[in-house]
Amino acid sequence: MQKFDVVIIGGGVVGCAIARELSRYKIKVAVLEKETELGTGTTKANTGLIHSGFNVDKNTIKGRLNLEANPLFDRLVSQLNIPFQRNGSLVVAHNREDYQALLHSIEEAKANGVKGIKWLNKDELKEKEPAINKDSFGAVFAPSGGIICPFEFTLALGQNAHSNGVVFFLGTEVKKIITKEGWVEGLETSRGFIRVSFVVNAAGLLADTFGEEIKNEGITLKARRGQYLVYDREYPVKVKHTLFPRPTEVSKGIIVTPTIHGNLMVGPNAEQVEGRDALETTETGIKEVLEGARKLVPNIDTSAVIRMFSGLRAVANNDFIIAPAKKTRGLVLAVGIQSPGLTAAPRIGELVAEILKDIGLGLKGKPDFQEERTPLKSPGKMNWGERAALVEKDLDYGQVICRCEGITRGEIRDAILSPLGAVTIDGIKRRTRAASGRCQSGFCGPRLIELLKEFAGISPFEASLRGGETQILKYRSKELLLKGGENIADQ
Amino acid sequence: MRTSDVDVLVIGAGPAGLGAAIKAKENGAREVLVIERDFEPGGILNQCIHNGFGLQYFSQELTGPEYAGRFIRKASRSDVEIQTDTMVLAVNPSREVITSSRHFGLQLFRAKSVVLAMGCRERTRDAIQIYGTRPAGILTAGTAQRFTNIEGFLPGKKVVVLGSGDIGLIMARRMKLEGCEVRGVFELLPYTNGLSRNVVQCLNDFSIPLYLQETVTEVLGKDRLEGVKTIKVDKKQSPLPGTERFVPCDTLLLSVGLIPENELSRKAGIKIDPLTGGPVVNQDRMTNIPGIFACGNVTQVHDLADDVTVESEIAGTAAARFRKGNLQGKELSVEAGRGIRYVVPQRIDVSEIKKENPLIFFMRAEVPTRQVKIIFTQEGEEKFGETLPFIKPGEIIKITISPEMLKKFKPDKNILVEVGKGNNNG
Ligand SMILES: Cc1cc2nc3c(=O)[nH]c(=O)nc-3n(C[C@H](O)[C@H](O)[C@H](O)COP(=O)(O)OP(=O)(O)OC[C@H]3O[C@@H](n4cnc5c(N)ncnc54)[C@H](O)[C@@H]3O)c2cc1C
Ligand SMILES: Cc1cc2nc3c(=O)[nH]c(=O)nc-3n(C[C@H](O)[C@H](O)[C@H](O)COP(=O)(O)OP(=O)(O)OC[C@H]3O[C@@H](n4cnc5c(N)ncnc54)[C@H](O)[C@@H]3O)c2cc1C
């Protein structure tokens, strides 16, 4: 029977950031994630912005962590070896009223230490961002706003934690937190019991679905959905900066942004939804997104959409809850991590470590902590000479599997075989970008199924989009005929 | 990087690429190299195991692989080299081509002429904005065809087909033959987009219902597709409230359009016609970049492999001739007018053609129409006309103009192709 000092429930960006932080210390840490891949909850479906911290309320935890975390990214991304770009945010004023409100926020942001923030008049705005609505009044420019791939960020945090000794149990669902005399003692999971002294609940939107702990703390979680459209990289409508409308009380509004991979993306709206899995896109939602986006960039249409998706924010109240549980000792909560959770994640990790220390976990630094993560090879980003040399050494980088993104067999092999490797089509896609281009796996789908078999031993019938019941192939050719054709279909 | 010189380099070993390569060889090109990213030559035809190919070109009814096979054998007899499992990564205007493969690594080829024959790809769910969840069971018809006919798997057993393009019609029948329950083919327009013969042979003969002016708006099901919501539309394609229905199914096949595969062409600086989605070409199928030619589905989405072959032979012949220098004269443009969606070629050099064979124009109608005269005009003056009993967008129109008739055209005035006035729709 395994025993851990700390178990983190949830392998989203928050759980993985906490895991990486704790992997600096001489303790036994595990992450339990119910899905077969990391980062498949809220973390996979968001805007991917590292917010500048413009217009946050620094008296909230989320506001404070945003301000503190943004400057950490340059160093963090170089350690993790992931792409990140401070492309700058533009918060656009449509009229004089917006202007006045935004001017006020500029002063506040300066006081909060947001670097380089300034007002751009109409002409300056137009020059910076030619696609912008001609009727715009001007904009606040926040150069420290950035873009990142949320999944890659999370996986890199996870892989770095893993190489520093954190154990990951994927496909392992926590059913119940077991306590003894008010103290955490262990976890009942879909794969048996785990003994543990301290537990961190970082289970996102589902943090209240096992046990009564969250309810006992008086917390209720609600889902707020946001929908998006992603465009072909060759779509001629392009922006360089992340464009925001003037924010409202509840949300930052519908945004127009480039992604770190160079696609135009628009969204999200904000709508309260009932279920915790209401991940559909809707006609009204997409319309709302398009209308919002067109206020910023009027030329946006639907001619080159390659993907629509939606994400769910886990909303507890107006703030993050990062604190020791009052009623269950040894339990730390990192819940209600709505936006800007992605940005704040590195600081959430540090904060949780401090809390654990406060409630009695001994933290002694590991002298051999490795802060660097080796990235996967990316022939598409090399010049021809480097690329030819790489292929000469390893011919697997010569065979292109995904035609749209130009991803090779070598990259897919690495994605499957590297630590916390891909076991689903979506897993390969998020790691390598294979299947995420304009043909959406029409061409490489059959090849990816073969590679999952070759490198992960997953049979074609088990190959799935994202685990669960999402298998792509159901029968062999002729199988239905042998079983009696349509009769079987009617059963 | 290994570097070599070739006379003619062809990208893609579908019927277009193979046809062009063989013709280039016949016309005197020495090293003719075809680069193909798939494991086998043949292109999309390898998965088209149904018959219906070759009726025009060979006057014989063949299956897709049989049709392709004839060209593959001929290519090997003619000493055309085919490198399979090799992807073209880049082409530049100086006709340098970089390829990548698991067998040869990266290679650089310097070609005297290049023929683009990359075929096309299918439009996807997100491109046409079907709302709802993201379950397994939604595939393009061509991908499902590959799974079924080449890999030997079925994606499900209760099938809805959206879109009445040829691949959709053929896959509706294919699924039925595999023992699936095919719930119907849904089409937004009041007419089908495929060949009439496919409507008869694939749907009518198999009692598969065709629902015209009815489309899929939303998919349901969390992990696995559980059904689709459909709605009827009026003539303007606006949804008709109250006509929504739920059709249970575990598989949705999309046949909602093909897009010529021109990423390489765009990067090479080749001008693309927004109407065809393919390069703007002249009568020799040469693009705006001298020495770079294009044929087959990369130029315009064809209905028939036979037409692809015709086009490829034009391109291959010209590619071989080009080695000896650019023969390009002064060109005039050919534009699509009233009732015509597009015309290929988009440019011609009249003086050049007079000495040559007849000129074939490919075009598509905007709407189905009976008894139409298609006219070619210059400065509003009719130069040539041909009356057809029936035209529809799903079937390419081919009009051949003889060298004799071509003499009537002025060598320096643009040509407009349109449907003559006074034609009735329907
Ligand atoms: C529309 C939208 C846009 C956003 N945009 C931004 C942005 O631009 N910038 C920004 O900084 N933030 C943004 N956010 C916020 C950010 O996405 C979230 O704060 C962050 O992803 C939350 O991460 P998490 O790890 O808490 O949750 P999740 O990613 O949901 O992770 C929780 C994990 O716990 C697992 N789990 C649940 N129950 C169990 C169980 N019983 N046992 C085991 N595992 C379990 C889940 O499977 C899941 O993987 C946005 C959010 C949304 C929805
Ligand atoms: C599913 C389907 C069903 C059809 N059914 C019929 C029918 O029943 N009867 C009929 O007459 N016609 C039919 N057609 C039409 C006709 O067969 C096609 O139009 C014809 O195959 C097109 O030939 P092509 O050579 O232009 O393209 P393709 O056959 O698609 O060949 C293009 C080739 O280029 C390769 N390629 C692309 N990019 C690269 C690159 N960068 N590097 C290397 N190689 C590359 C591709 O792998 C492919 O092999 C059908 C078409 C389709 C798509």
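**Exercise 1. Describe the make-up and overall form of chain A.**

Step 1. Count the elements: in this predicted model, chain A has 15 helices and 23 strands. Helices (H or I, at least four residues) and strands (E, at least two) are DSSP runs, numbered from the N terminus. The model is predicted, so local features need pLDDT of at least 70 and side-chain atom pairs count only at pLDDT 80 or more, while totals for chains, interfaces and linings use all residues; side-chain values use heavy atoms, with hydrogens and water left out. Residues are numbered from 1 along each chain as its sequence is written, and chains are lettered from A and ligands numbered from 1 in the order in which they are written.

Step 2. Check the radius of gyration, taken over C-alpha atoms; the globule rule is 2.2 Å times the number of residues to the power 0.38. Chain A has 23 Å, in agreement with the value near 23 Å for a compact globule of 491 residues. Its C-alpha atoms fill a box of roughly 65 × 60 × 55 Å along the principal axes.

Step 3. Find the buried share, where buried means under 20% relative accessible area, exposed over 50% and partly exposed in between (1.4 Å probe, protein chains only). In chain A, 60% of the 491 residues are buried.

**Exercise 2. Which residues touch the most other members of the largest nonpolar core?**

Step 1. A nonpolar core is a set of buried Ala, Val, Leu, Ile, Met, Phe, Trp, Tyr and Cys residues joined through side-chain atoms within 4.5 Å.

Step 2. The largest core has 70 residues, and A:Val6, A:Ile8, A:Ile18, A:Phe153 and A:Ile348 touch the most other members. Helix α9 (residues 341–358) of chain A gives the most to this core, with 9 residues.

Step 3. Look at A:Ile8, taking contact as heavy atoms within 4.5 Å. Beyond its neighbours within four places in sequence, A:Ile8 is in contact with residues including A:Gly15, A:Leu22, A:Val31 and A:Val200.

Step 4. A second, separate core of 48 residues includes A:Ile425, A:Ala463, A:Leu473 and B:Val159.

**Exercise 3. Where does B:Gly54 lie, and is it buried or exposed?**

Step 1. B:Gly54 lies in the loop between β3 (51–53) and β4 (62–63) of chain B. With a relative accessible area of 0%, B:Gly54 is buried.

Step 2. Leaving aside neighbours within four places in sequence, B:Gly54 is in contact with B:Ser59, B:Gln60, B:Tyr67 and B:Asp306.
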